[in-house]
Amino acid sequence: MDTYDLITRNAEEVVTEEELRALADDPEGKRVYVGYEPSGVLHLGHLLTANMLIDLQDAGFDVVVLLADVHAYLNDKGTFDEIEATAEVMREQFLAYGLDPEQTEFVFGSSYQLDEDYLLDLHEMARSTTLNRAQRAMAEIQGGETAKVSHVVYPLMQALDIEYLDLDLAVGGLDQRKVHMLAREELPNVGYESRPAIHTPILADLTTGVGKMSSSSGVTISMEDDADALEEKVNSAYCPPTRDPEPTDDGEERKNPVLELFQYHVFPRFESVVVERPDEYGGDLTYEDYDSLAEDLDSGELHPADAKGTLAAYLDELIAPGRERLEELRD
């Protein structure tokens with residue numbers, strides 16, 4: 001697999017392909033980042049990005065993880081002391097999941113976002129950005145309308161972070177797209193260059209396959225879940241015997257979340273996947289790639305119950321190092 005294919009295998013969108021290919025041709029020393037509000041327990045959305053960051057490190061990129069304490073404060077996620085405590089746990093868990101400590105820099109937003117130069121640039125960007133533009137960018141992240149002035153400042157800060165962290169590439173979920181496009185449009189207005197971005201997909205709701213998996217509603221998989229909890233949650237997941245379920249009666253797109261978790265979490269981290277079955281049911285199945293597994297589900301060779309049991313086991317193996325590190329920190 002060449003460098004470009006490696007760093008985009010979990011991507012939903014690249015902005016732009018030409019710019020990213022130029023970075024892929026010479027990745028050594030290039031800096032890529034993702035920013036997270038330290039606001040609670042890590043979940044599969046964090047691990048999805050971590051998988052991509054590991055691929056980027058394998059390709060030669062240096063990774064910057066922004067522990068966005070000021071952003072979290074602006075978004076009413078606690079006091080600075082509470083946010084900092086959560087951020088320290090987040091840092092340890094990311095390293096436990098496989099990020100290379102030699103290629104990973106963790107930065108608190110407050111280490112530079114309160115400096116005079118940053119604040120002056122923030123004011124300058126606020127002068128050139130319309131209120132509607134900032135509101136649209138933040139609403140995509142929040143999943144609704146912005147309500148406070150701090151919510152409008154939030155995406156402008158995200159844009160400036162790309163410059164102040166001296167980055168070559170931004171990574172985020174597809175819900176970050178409007179922020180990254182705002183950055184590409186507005187950074188030149190304050191004298192800085194725009195950068196390319198990679199967007200990871202938004203995983204479907206686990207129990208319905210509609211909408212997105214969210215830690216604030218519905219069933220989500222936490223990085224603290226033990227094997228029993230994982231098995232229970234995965235067994236409750238929507239998993240029709242097809243990779244392309246029919247839309248809902250209202251015409252909403254429906255996905256197979258079990259297959260999504262195999263595609264974006266399991267296969268990027270394991271060379272092969274073994275579905276263990278008794279001989280009377282055909283014996284074990286071994287898959288070297290996601291498409292083979294999805295095809296067997298379509299054909300009926302792989303039963304949804306066997307897919308779920310296998311998925312729970314592999315997710316437990318992925319989550320265990322971070323879960324164990326959290327337990328060590330609490331002892």
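These legends accompany close-up views of a predicted model.

**View 1. The annotated binding-site residues.** Start with the residues marked in the record: the unreviewed UniProt entry gives a "binding site" annotation to Tyr 33, Tyr 154, Gln 158, Asp 161 and Gln 176.

View 2. Look for Tyr 33 in strand 2, which covers residues 31-36. Tyr 33 counts as buried because its relative accessibility is 3%, under the 20% cut-off. Leaving aside neighbours within four places in sequence, Tyr 33 is in contact with Gln 158 and Asp 161, and its other partners include Val 64, Leu 66, Ile 162 and Val 171.

**View 3. Asp 161 and its surroundings.** Moving to helix 8 (residues 149-164), you will find Asp 161. With a relative accessibility of 0%, Asp 161 counts as buried. Beyond its neighbours within four places in sequence, Asp 161 is in contact with Tyr 33, Leu 66, His 71, Tyr 112, Gln 113, Tyr 118 and Leu 167.

**View 4. The largest nonpolar core.** This core has 66 residues, and the members touching the most others are Leu 44, Leu 56, Ile 221, Leu 261, Phe 262 and Leu 315. Helix 3 (residues 44-59) supplies the largest share, with 9 residues. Nonpolar side chains tend to be buried together in soluble globular proteins.

**View 5. Leu 261 and a second core.** Setting aside neighbours within four places in sequence, Leu 261 is in contact with residues including Leu 44, Met 213, Ile 221 and Leu 315. A separate second core holds 29 residues, among them Val 70, Val 107, Ile 141 and Met 157.

Technical notes
Residues are numbered from 1 along each chain as its sequence is written. This is a predicted model: local features need pLDDT of at least 70, side-chain atom pairs count only at pLDDT 80 or more; totals for chains, interfaces and linings use all residues. Side-chain values use heavy atoms; hydrogens and water are left out. UniProt positions are given in the numbering used here, feature names are shortened, and annotations may be inferred rather than shown by experiment. Helices (H or I, at least four residues) and strands (E, at least two) are DSSP runs, numbered from the N terminus. Buried means under 20% relative accessible area, exposed over 50%, partly exposed in between (1.4 Å probe, protein chains only). Contact means heavy atoms within 4.5 Å. A nonpolar core is a set of buried Ala, Val, Leu, Ile, Met, Phe, Trp, Tyr and Cys residues joined through side-chain atoms within 4.5 Å.
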